[in-house]
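These are my notebook entries on a structure that I looked up. I record each item in the order in which I consulted it.

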Amino acid sequence: MDSENNVIVEYREVTKKFGNFTANDSISLKIYGNTIHSVIGENGAGKSTLMKILFGIYSQDGGELIVKGKPVKFKSPLEAISDNIGMLHQHFELIEDFTIFENVILGSEITNTGVIETKDTRKRIIDLIDKYKLGLDIDNKISEVSISEKQKVEILKLLFRNSEILIFDEPTSVLSPVEVDEFFKIIRMFKAEGKTIILITHKLNEIKELADRVSVLRKGKLVYEVNSNELDLEVLSREIIGPMEVTHLTDERAGTDYDSELLLSFDSVSVKKDNVLKLNGISFHVSSGEVYGICGVEGNGQSEIVDTIIGALKISAGSLKLNTGDVSLVPDDRIGKGMIKEFNIGENVLLREKNVTHFTKKNIKETSEKVISEYDVRLSDSLSPLASLSGGNQQKVIFGRETGLDNKMMVLVHPTRGVDINSSAFIYKIIIEQRNKNKGILLISSDLEEILKLSDRIGVIFKGRISQEYPKSDFTFSNDEDKHNFMVKVGKAMIGIE
Amino acid sequence: MMSRKLKANMLSIALSLLTTIILTSILLLAIGKNPLMVYSMLISEVFGTGYGLGQAIFKATPLIICGCGLALCFQASLFNIGAEGQLNAGAFAMSIAAYTFDDYLGFGVLPFAIICGFIVSALWGLIPAFLKIKRGISEVITTIMMNFIALALVNYFLIDFIAVKSTVRTEKILDSVFIPKLSDFFGSFQGSSANLTFVFAILLAVFLYYMLYKTRFGYEIRAVGLNPTASKYLGIKTNKIIMWSFLLGAGITSLVGINFIFGYKGYYEFGFSNNLGFTSIAVTLLAKNNPIGIIFTAFLFGVLDYGGLAVNTIVPKEIMLVFQALVILSILAIDKIVKIYYLKED
């Protein structure tokens, strides 16, 4: 695979700047045909920018890009697509009111005197669905399908456009563990067919599982490359983080003396949304000074628990007790639910502090700077809108804001999704700190490792109720085998086998 | 220091004006007129005489007021197309309150009539707000429809019950409760109808700017406008914000009645608004929903409005309507260009 004539994409000293910020600093990188090449790095390391250059969203300021032996400088994604390059974005670009069929052909319609040809095209798409076992009904509307199905539709779009070089930008961040396995199978099928896959990811296990070759970016520079046969995850994670101290979790309570006060309790709560029963007599409670972790496959009622707590959904049966004032919330979708992205840090924080009635320049600036220094937020201008920050930094701002409110109860949903290793470690530290300050924390996550690491008790959610509950003693392991067995047990409970 | 975004806004407004001037010139040339002559006549007529400037101010005043009301709605992402109906209902009520009670209240009738007008307009705005919150019906459709209903109702009550015989207007208020004209303070405005309502309009714009950009209420309005879902998760009572924005925004549109009733004619007359509620949409969008910006865009429209009359001797006054339309089209196009090439947004 290292033979030079098999190079399908080559970056030669490619540089891309945004104002004073260098996103890609003279990167030279070769991607070999028919391999799975992973590009890894922290948020803001420049992975997405590098890929967007290949897909024609950006064009490089310096250096050369060579695709299939020809130097190119794409002015738009259309040019990249015509060179058989396809990209699966983190955010889907689908029209909700159109069917899957309509979304797939959109932009590449085959027409006959202005009328869209459907018969042969439909057959072609259905064949693609069967071949890759995507399990989609092409007449379903996008608004009716799940997130993982939406992702499959995006993949289908790439296939329909005959993409040979496929760029996946953090594809598994929206998927549950079961769906991830399915997704891996699809990727392997692509490779078997001779396609080239570029996988941008944060997750080391995905690299171990899939990648033939790995390139690590750090602060805009290519710092490390390795083939899968020489891959050492320890070395890799050190290269990703760079020469920095990794924060360790401390599990010691600040004061041993605390009252365990019941803060939140769901007592056989049922909730309907659009006439569908989403919570089906769910019962659990959270006390002060503990992290209660709820894990499960997405769509089993997790988001409805949150909506019920904030009062956006009405309870149809059972009772909910909330023995606190306001609840701090870190929602699952940080851009859609967690912030006003056009506002800056200070404005977003003050918006949540109900006693602040006037938003003065001074107040906004001071609040911004306080959060920036206390929560190690990295950005060039303290007053730039949140939209311009990387995902990890946005998440730190949200954590800073919500912990700053000093509410007794915190609800955290997927707190480290799409967040780099360093920021994750920082966020874990905050969560433990808050627990040690006798806060009650409800942690909802589909990342089982995360749940195990942080929780004092664990509940498995399945079809709108807690199907299993485990005390801390069940997941205090003496060896790796115990841990493995426990995870298998929980994994089974999550998909309802046990 | 100006922020980059503000600079970009200024740049796009300047470029749009330039483009419009060029395009209008081409049109003028095509009908065999010398554009330079038309422009110089317009400028000398409007800015060369106190009367001309006064008339431009007089025309700009209601646009500022109505624009402010709309800005409040637009900032909350409520596309209120119903200002025409709201302001007619409000101004009609204002005039009835004014001529009925001017004998008893003296000058105190002004605040009283303003409150009456405000409440009627606000209630008219409350209906689409209620339908949106409770039933999720788009305010665009309801407000457009409510325009027809408002105008028809006002027409019915005016003609059948209230109008002075063989006219389409209400009774006139006492001369003693008129608002002073600007010419009472600055002699050079002599003859123009510009009055102190203009000062009130500017204060209103400044107040609204302060409210939208410096207070919690304003931030919550803008947050709901930018992202209603996130606003809900941030603990903002979104329905309450939608209701208050609609109610206050619609209420403010009624205040255009002050200029016409207390500052100019002394009565409500059918058709007085002359599509003011629609022209204000353009004024507001041109100013990007910023109340301070509205002062300037409304003044531009005032200048064009009076200027059209002034140059009517050499070109049809409709040319200024073309100018207004071209300004809007160019700002829409140029704004995008500035965003891509100056702000480097995707």
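**Entry 1: terms and conventions.** I began with burial: a residue is buried under 20% relative accessible area, exposed over 50% and partly exposed in between, using a 1.4 Å probe and protein chains only. I noted that this is a predicted model, in which local features need pLDDT of at least 70 and side-chain atom pairs count only at pLDDT 80 or more, while totals for chains, interfaces and linings use all residues. Residues are numbered from 1 along each chain as its sequence is written, chains are lettered from A and ligands numbered from 1 in the order in which they are written, and side-chain values use heavy atoms, with hydrogens and water left out.

**Entry 2: chain A as a whole.** I found that buried residues make up 51% of the 498 residues in chain A. I then looked up its secondary structure, where helices (H or I, at least four residues) and strands (E, at least two) are DSSP runs numbered from the N terminus. Chain A holds 16 helices and 21 strands. Its radius of gyration is 24 Å, close to the 23 Å that the globule rule gives for 498 residues, so chain A is as compact as a globular protein of that length. The radius is taken over C-alpha atoms, and the rule is 2.2 Å times the number of residues to the power 0.38. Along the principal axes, the C-alpha trace of chain A spans about 70 × 55 × 50 Å.

I also looked up contacts, meaning heavy atoms within 4.5 Å. Of the contacts in chain A with a separation of 6 or more, 67% are between residues 24 or more positions apart.

**Entry 3: surface and charge of chain A.** Accessible areas come from the Shrake-Rupley method with a 1.4 Å probe; for residues, only the protein chains shown count as cover. Chain A exposes about 22,600 Å², of which carbon and sulfur atoms supply 48%. For charges, Lys and Arg count as positive and Asp and Glu as negative, without His and the chain ends. Each charge is placed at NZ of Lys, CZ of Arg, CG of Asp or CD of Glu. In chain A, the mean positions of the 64 positive and 76 negative charges are 2 Å apart.

**Entry 4: strands of chain A.** Two strands pair if DSSP finds at least two bridges between them. I traced strand β1 (residues 7-18) of chain A, which pairs with strand β2 (residues 21-32) of chain A in the antiparallel sense over 8 bridges. K17(A) has T22(A) as its bridge partner in β2(A). β1(A) is also joined by 5 bridges to strand β4 (residues 62-67) of chain A, again antiparallel. There, V9(A) has V67(A) as its bridge partner.

I turned next to β11 (residues 213-218) and β12 (residues 221-227) of chain A, an antiparallel pair with 6 bridges. V214(A) is bridged to V226(A) in β12(A). These two strands form a hairpin with 2 residues between them, and K219(A) in the turn has a positive phi of about 50°.

**Entry 5: chain B as a whole.** Chain B has 14 helices and 0 strands. Its radius of gyration is 21 Å, close to the 20 Å of the globule rule for 346 residues, so chain B is as compact as a globular protein of that length. Of its 346 residues, 50% count as buried. Chain B exposes about 15,700 Å², and carbon and sulfur atoms supply 69% of that area. It has 24 positive and 16 negative side chains, with the centres of the two sets 12 Å apart.

**Entry 6: a helix of chain B.** Why is helix α8 (residues 216-226) of chain B largely enclosed by the rest of the structure? I found that 9 of its 11 residues are buried, so the helix is largely enclosed. Among these buried residues are Y219(B), I221(B) and V224(B). The buried residues of α8(B) pack against α11 (345-352) and α12 (361-374) of chain A, together with helices of chain B including α3 (50-75) and α7 (197-214).

Entry 7: Y268(B) lies in the loop between α11 (256-265) and α12 (276-286) of chain B. It is buried, with a relative accessible area of 1%. Leaving aside neighbours within four places in sequence, Y268(B) is in contact with residues including N88(B), F92(B), L158(B) and I261(B).

Q324(B), in helix α14 (residues 318-341) of chain B, counts as buried at 12% relative accessibility. Not counting residues up to four places away in sequence, Q324(B) touches T279(B), F301(B), L304(B) and D305(B).
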